[in-house]
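Take a look at the structure below.

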Amino acid sequence: IPPQQRLPSWLRRPIGAATQLEAVQAVVKQQRLHTICEEGRCPNRAECYAAGTATFLLGGPICTRSCAFCQVEKGLPPAAADPLEAERVAGAVEKLQLKYVVLTAVARDDMEDHGASLFTNTMAAIRKRLPQIAIEVLTPDFWGGQRDLEAGLSSQRLRLRQVLSANPVCFNHNLETVQRLQGEVRRGATWCHSLGLLAAAHEIAPNIPTKSGLMLGLGESKAEVVAAMEALRQAQCQRLTLGQYLRPSLAHIPVARYWTPAEFTELAAIATGLGFAQVRSGPLVRSSYHAEKN
Ligand code: SF4
Ligand code: SF4
């Protein structure tokens, strides 16, 4: 049976025939850009593009980490980041007349600033063309590991400060999964570094809302999800996304279970009770789903 047919009914969704879908695909291809929307073949593309939103992947298509759930290619990225990428993204955003842009990046652990400048350069290039546009950032953890520690630097904070000083409308960093499954699911990132990054973001720039997300279906229990939500609230995280993990290929970590729409609704109520100001919870919710509706 093809994998699509084994999906529960609530996850089968026609992609739709919005003309905006083709327009975005053409520009992304022509400009040699990468989007999470296309690379992940996100089921929400027609809806998001029609609403004037897309998520661009900065730093090239190859990631230095290899998270077990992620469809982005893994390996050693080209020695230097493409200096013209920011301009190409800005051109695409202008051409597509997007209203709300989400910028994310592969983890560039090979770069001195771990990719912080990819965000700030692209934001500056976009704003030069469209000064009023809303830009959300979805960043890696900027954790420099042993190299930073040996140099006695708290560089994660410096890189974070650099990105926040560009004043995004929302700072997003995903916790991805519950505490017990972090090691199995993520590579390089940890529970503590991610929560620390979110807490530091709120401390440095309290006026910029922080956001995080979890994928469900990797084997976590409801109690573990609630504990993760509590930990996020302790880190002052204000916005939350909960969505179903879908396996991109047989090489990726398998789905342990499909959470039902009713369970997502129940978790949303718990999250609201814990004090999240904005909660998006549903099988097809992704980190950037309806990001424009604040
Ligand atoms: Fe792109 Fe996010 Fe929308 Fe999916 S939910 S189409 S990744 S903006
Ligand atoms: Fe994917 Fe992990 Fe790399 Fe992010 S850090 S792009 S989730 S492999």
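What follows describes a predicted model.

Start with the core. The largest nonpolar core has 78 residues. Phe56, Leu103, Ile126, Phe171 and Met229 have the most contacts inside it. Take Ile126 as an example. Beyond its neighbours within four places in sequence, Ile126 is in contact with Val89, Ala90, Val93, Val101, Leu103, Ile133 and Ile135. A second, separate core has 6 residues, among them Val102, Ala134, Leu138 and Cys170.

Now turn to helix H5, residues 85-95. Here 8 of the 11 residues are buried, so H5 is largely enclosed by the rest of the structure. The buried ones are Glu85, Ala86, Arg88, Val89, Ala90, Gly91, Ala92 and Val93.

| Element covering H5 | Residues |
|---|---|
| helix H2 | 19-30 |
| strand S1 | 53-58 |
| strand S4 | 100-105 |

Helix H6 is also part of this cover. Just after H5, Gln97 takes a positive phi of about 50°.

How do H6 and H8 pack? Two packed helices are described by the angle between their axes and the distance between the axes. The axes of H6 (residues 116-129) and H8 (residues 155-164) come within 9 Å and cross at roughly 10°. That angle is under 35 degrees, so H6 is roughly parallel to H8. H6 contributes Ala116, Ser117, Phe119 and Thr120 to the contact, while H8 contributes Arg159, Gln162 and Val163. These residues divide into 3 nonpolar, 3 polar and 1 charged.

Around it are Cys63, Arg65, Cys67, Phe69, Cys70, Lys74 and Ala107. This shell holds 5 nonpolar, no polar and 2 charged residues.

How values were computed
Residues numbered from 1 in each chain as written. Chains lettered and ligands numbered in written order. Predicted model: local features only at pLDDT ≥ 70, side-chain atom pairs only at ≥ 80, totals over all residues. Heavy atoms only, no water. Near = heavy atom within 4 Å. Nonpolar A, V, L, I, M, F, W, Y, C, P; charged D, E, K, R; others polar. Axes fitted to C-alpha atoms, helices over the stretch in contact; angles between N-to-C directions. Helix = DSSP H or I, 4+ residues; strand = E, 2+ residues; numbered from the N terminus. Parallel < 35°, antiparallel > 145°, perpendicular 65-115°, else oblique. Contact = heavy atoms within 4.5 Å. Core = buried A, V, L, I, M, F, W, Y, C linked by side-chain atoms within 4.5 Å. Buried < 20%, exposed > 50% of the residue type's maximum accessible area, 1.4 Å probe, protein only.
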